[in-house]
Amino acid sequence: VLCGWNDLSAALFATPDAPARDIAAESLTRGIDFTALAEPHTPFYRNLATGRLLQQAVFRRQWNPSANVGWRAVIQDSYGRWVADRREIRKNCIAAGALTSEPADFEMALKGFRADLEAILAALHPGQVPVFITQPTLCRSGLTPEEQSRLWSCDGKRAWTAESTAVMLKRINEVTRDFCRLHDLTCVDAELAMSGNSKWFYDDCHFSDAGCAQLGTLVAEHVVAVAEANGLLKNN
């Protein structure tokens, strides 16, 4: 279980129930309403490839990288072109005034994250052995201009510095580490092994090919050890 980044994003940019509402909307009806103009329950086919292409054509006419409408009009396309648009929006947010302090309710977000980890553990069937992974990130202090240009985390109006993001994510990862120690669970400390190394990331938290291989190696070593310790490996 690799978790942390989306939880941090929810703490910074969304209300606590927003991710659940967005997932339900995207999966069951019209998808997420990026413009606040759509009818409440338009069909799911709006999210299919043709529908999304048409949305992009319409939104491109409205797109404004310096305003919130620009952020919400960026649709994730299968070619990854949306990343460049969101990087531009983040750059404008940072220029307008980067944030450095934790949000007021961050302690509550940490408690909610801990409760989610407990819920994951409680949901396992007998015999299932979880392996948790701390969330690594490119964010750190002293990023080069090229490394800074890879980041896109913001909501169209607000953006936190890379250094402050790394500090807040570390607090989330500490929750994961403490949780694993309490329950005597395996924790793959990918944050310790990978964070801040631009070789492993192509943006704030998503892995390059090399990063995927690095994380896969880390996880495989721990999974094999856990499987052996629990008698889950066959002799052959």
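Arg 150 and Glu 146 form a salt bridge in this predicted model, with the closest N and O atoms 3.0 Å apart; a salt bridge is a side-chain nitrogen of Lys or Arg within 4 Å of a carboxyl oxygen of Asp or Glu. Arg 150 is buried, at a relative accessible area of 15%, whereas Glu 146 is partly exposed at 43% (buried means under 20% relative accessible area, exposed over 50%, partly exposed in between, with a 1.4 Å probe and protein chains only). In the whole structure, 11 salt bridges are found.

The model is predicted, so local features need pLDDT of at least 70 and side-chain atom pairs count only at pLDDT 80 or more, while totals for chains, interfaces and linings use all residues. Residues are numbered from 1 along each chain as its sequence is written, and side-chain values use heavy atoms, leaving out hydrogens and water.

A second salt bridge joins Glu 174 and Arg 177 (2.7 Å, N to O). Both residues lie in helix H8, three residues apart, about one turn of the helix; helices (H or I, at least four residues) and strands (E, at least two) are DSSP runs, numbered from the N terminus. Arg 177 also pairs with Glu 191, at 2.3 Å between the closest N and O atoms. This pair links distant parts of the chain, helix H8 and helix H9 (residues 190-194). Shared partners join Glu 174, Arg 177, Asp 189 and Glu 191 into one network of salt bridges.

Asn 173, also in helix H8, is buried, with a relative accessible area of 0%. Among the residues that Asn 173 touches is Glu 191 (contact means heavy atoms within 4.5 Å).

How values were computed
Lists of a residue's contacts leave out its neighbours within four places in sequence.
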